[in-house]
Amino acid sequence: MKSSRAAIRYAKALILESVEKDSLEEMNSDMHIILNTFEENQNLRSLVESRVVKNSLELSTLSLIFKNLNSLAIKFINVLSENNRIDLLEIISFKFTELY
C-alpha cells in the first residue's frame, strides 16, 4: 500500500475530529470496516482509483456500501469526494488505524 502525506494529514484530522466529537472508538471501528472491505474487494479499489469513473458515481457507490457507518464517517467520505481525494480512502483508513 502506497503512503501519502495527504492521507496522513487526513487521518490525523479525522482523529482530532473524532476526539472532539467523542466518537474515537466508533470511528476506529468504522475505519476497520472500510479497510477490510477494500482488502476483500479488488473491484471497489479499482473503482475509487479509476480516473474514468465520475466522483458522483464513486460517492453514491461508497454511500450504499458504507451506509451503516456513523455520521462522521459518512461526512468524511463526502469531504474526500468534494476534494477529489476519494482514492485515498483506503490509505487514510490504514493510517487512521495505525495512528490510533
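Is Glu90 buried or exposed, and what is its relative accessible area? I looked it up: Glu90 is buried, with a relative accessible area of 8% (buried means under 20%, exposed over 50%, partly exposed in between, with a 1.4 Å probe and protein chains only).

I note that this is a predicted model, in which local features need pLDDT of at least 70, side-chain atom pairs count only at pLDDT 80 or more, and totals for chains, interfaces and linings use all residues. Residues are numbered from 1 along each chain as its sequence is written, and side-chain values use heavy atoms, with hydrogens and water left out.

Salt bridges. I searched the whole structure and found 4 salt bridges (a side-chain nitrogen of Lys or Arg within 4 Å of a carboxyl oxygen of Asp or Glu). One of them joins the side chains of Glu90 and Arg45, at 2.7 Å from N to O. This pair links distant parts of the chain, 45 residues apart: Glu90 is in helix 6 and Arg45 in helix 3 (residues 42-49) (helices are DSSP runs of H or I, at least four residues, numbered from the N terminus). Arg45 counts as buried at 19% relative accessibility.

I then checked Arg51 and Asp87, whose side chains meet in a salt bridge at 3.9 Å, N to O. Arg51 lies in the loop between helix 3 and helix 4 (55-65) and Asp87 in the loop between helix 5 and helix 6, so the pair ties together parts 36 residues apart in sequence. Arg51 counts as exposed at 70% relative accessibility, whereas Asp87 counts as buried at 18%.

Lys95 counts as buried at 11% relative accessibility.

Notes:
Helix = DSSP H or I, 4+ residues; strand = E, 2+ residues; numbered from the N terminus.
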